[in-house]
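Have a go at each one before you read the solution.

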Amino acid sequence: MSGRLKIQKLPYGQEFDTNNSEHREIINNNNVLMRVAFDRALKKSKNPAIQKLTLEEREGFAVFLTAQAMHESTHQTKETGTYNFAGRKGKGTVLPSGERLGGKSAVYTDEFINFDSLNHFAEDQVEYMNRMFPKFYQAKTYEEAIRALQNAEGKIYATDLFEVGNEVNTFEDNMN
């Protein structure tokens, strides 16, 4: 029982398999824990933009941030560094990293920030999103949230929805 109250890795270094019931249980557990961490971090934030959000809007952002972490860390089973579920780069743990650059896979070594705990990561990620993407917490739809993560060069942070050649350019109707 206590194992379900913490983030779990896939057994024996296995790759995620959607047909494996143990893998599905692990990712469901991890996704719930991440969602709870983001719910708490958003509620705890003193940031005026976040404090203005309604409960329903905060919940929508918690879901969005959880999905982002799922995407970056294979449902929280492969964090980069210590408790880094968003692949945030900075002083910490040096690891091989993979990215899609110009539609091609590239592998290189990079350094990733270490966090003290899942909650520390979630709190920092909530504030990071506001610092780096000030329009993010103003979004009312998933499309607006994703577009708010686009930088001047057109690169989107932690989502592949706008990657060149992506045919999955679809969005949910709203953040709820």
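**Exercise 1.** Work out which residues in α1 meet which residues in α3, and how the two helices cross.

*Solution.* Start with contacts, meaning heavy atoms within 4.5 Å. From α1, the residues Asn31, Met34, Arg35, Phe38, Asp39, Leu42 and Lys43 meet a set in α3 that includes Phe61, Ala62, Leu65 and Ala69. Sorted by type, the residues of this contact are nine nonpolar, two polar and five charged. (It's a predicted model, where local features need pLDDT of at least 70, side-chain atom pairs count only at pLDDT 80 or more, and totals for chains, interfaces and linings use all residues. Numbering runs from 1 along each chain as its sequence is written, and side-chain values use heavy atoms, with hydrogens and water left out.)

Next, the geometry: the axes (lines fitted to C-alpha atoms over the stretch in contact, with angles from 0 to 180 degrees between N-to-C directions) come within 9 Å and cross at roughly 135 degrees. So α1 is oblique to α3, as angles under 35 degrees count as roughly parallel, over 145 as roughly antiparallel, 65 to 115 as roughly perpendicular and the rest as oblique.

**Exercise 2.** Find what phenylalanine 38 touches beyond its neighbours within four places in sequence.

*Solution.* On one side of the list you get Ala62, Leu65, Thr66 and Ala69; Phe121, Ala122, Gln125 and Val126 are there too.

Note on methods
Helices (H or I, at least four residues) and strands (E, at least two) are DSSP runs, numbered from the N terminus. Ala, Val, Leu, Ile, Met, Phe, Trp, Tyr, Cys and Pro count as nonpolar, Asp, Glu, Lys and Arg as charged, and the others, Gly among them, as polar.
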